[in-house]
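Have a look at the sequence and the structure first, and then read on.

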Amino acid sequence: MVEEQVSTQTQDLEPATFQVRVISDPAEFYSIESQWNRLVARAQTNHPFLSHRWLRTWWEAFGHGSELYVVTLWADSELLAAAPMQRKRTKFFFVPFDTITSIYNWHTPRFDFIVAGDVPREILHKLFWKQLSEARCEV
């Protein structure tokens with residue numbers, strides 16, 4: 001019964017009704033704390049490592065030398081999905097290249113994208129991968 005209701009509600013959603021935004025300014029990321037926390041609750045995340053407080057603290061402690069790169073999916077003012085990542089220039093065998101990586105290190109034993117349970121996965125994949133493929137990044 002619930003699955004039918006969710007299916008009916010999401011069938012009419014087209015990719016055009018969603019907006020993908022990349023947040024690279026820490027102040028903008030800090031300003032969406034309430035929407036972020038609602039998304040984490042909707043996604044039923046059962047660990048603290050995707051909470052806004054954890055990611056903000058991590059960024060302030062370890063984000064130096066990187067650019068914040070948080071891919072978000074919105075429907076109007078509602079945050080539906082987020083991928084907390086960072087961009088940085090690094091070297092591999094003395095060859096410099098740009099990377100997009102998770103906001104992660106040994107202090108964070110888990111990483112994931114945050115997705116509200118009722119967002120159609122096909123639409124999410126299409127929009128997120130489109131954004132990442134257009135990011136002009138080597139890795």
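Let's start with a charge and a ring: the charged end of R56 sits over the ring of Y30, 3.8 Å from its centre. For a charge to count as sitting over a ring, NZ of Lys or CZ of Arg has to be within 6 Å of the ring centre and within 35 degrees of the ring normal. Before going further, keep in mind that this is a predicted model, where local features need pLDDT of at least 70, side-chain atom pairs count only at pLDDT 80 or more, and totals for chains, interfaces and linings use all residues. Residues are numbered from 1 along each chain as its sequence is written, and side-chain values use heavy atoms, with hydrogens and water left out.

**Aromatic rings**

Rings of Phe, Tyr and Trp (its six-membered ring) pair if their centres lie within 6.5 Å; planes under 30 degrees apart are stacked, over 60 edge-to-face, and the rest tilted. By this rule there are 6 aromatic pairs. One of them is F29 with W36: the centres are 5.1 Å apart and the planes stand at 85 degrees, so this pair is edge-to-face. F29 is buried, at 3% relative accessible area, and W36 is buried as well, at 0%. (Buried means under 20% relative accessible area, exposed over 50%, and partly exposed in between, with a 1.4 Å probe and protein chains only.)

F49 and W54 also pair up, with centres 4.7 Å apart and planes at 90 degrees, so they are edge-to-face. Here F49 is buried, at 15%, while W54 is partly exposed, at 27%.

**Strands and hairpins**

Helices (H or I, at least four residues) and strands (E, at least two) are DSSP runs numbered from the N terminus, and two strands pair if DSSP finds at least two bridges between them. Strand β3 (residues 78-92) runs antiparallel to β2 (residues 67-75), joined by 9 bridges; E67, for one, has R87 as its bridge partner. The hairpin of β2 and β3 has 2 residues between the strands, and D76 takes a positive phi near 60 degrees there.

β3 is also joined to β4 (residues 95-102) by 8 bridges, again antiparallel, with F92 bridging to V95. A further antiparallel pairing links β3 with β5 (residues 114-115) over 2 bridges, where A82 partners I114.

In the hairpin of β3 and β4, F93 takes a positive phi near 50 degrees. F93 is exposed, at 67%, and together with F92 and F94 makes a nonpolar surface patch of about 470 Å² of accessible area. Such a patch takes residues with over 30% relative accessible area and no salt bridge, joining nonpolar side chains (Val, Leu, Ile, Met, Phe, Trp, Tyr) within 5 Å and like charges within 9 Å; the areas come from the Shrake-Rupley method with a 1.4 Å probe.

**Salt bridges**

A salt bridge puts a side-chain nitrogen of Lys or Arg within 4 Å of a carboxyl oxygen of Asp or Glu. The whole structure has 4 of them, including these:

| Pair | N to O distance |
|---|---|
| E28 and R21 | 3.2 Å |
| R42 and E78 | 2.4 Å |
| R89 and D98 | 3.2 Å |

R42 lies in helix α3 (residues 33-42) and E78 in β3, so their pair ties together parts that are 36 residues apart in sequence. R42 is partly exposed, at 30%, and so is E78, at 39%.
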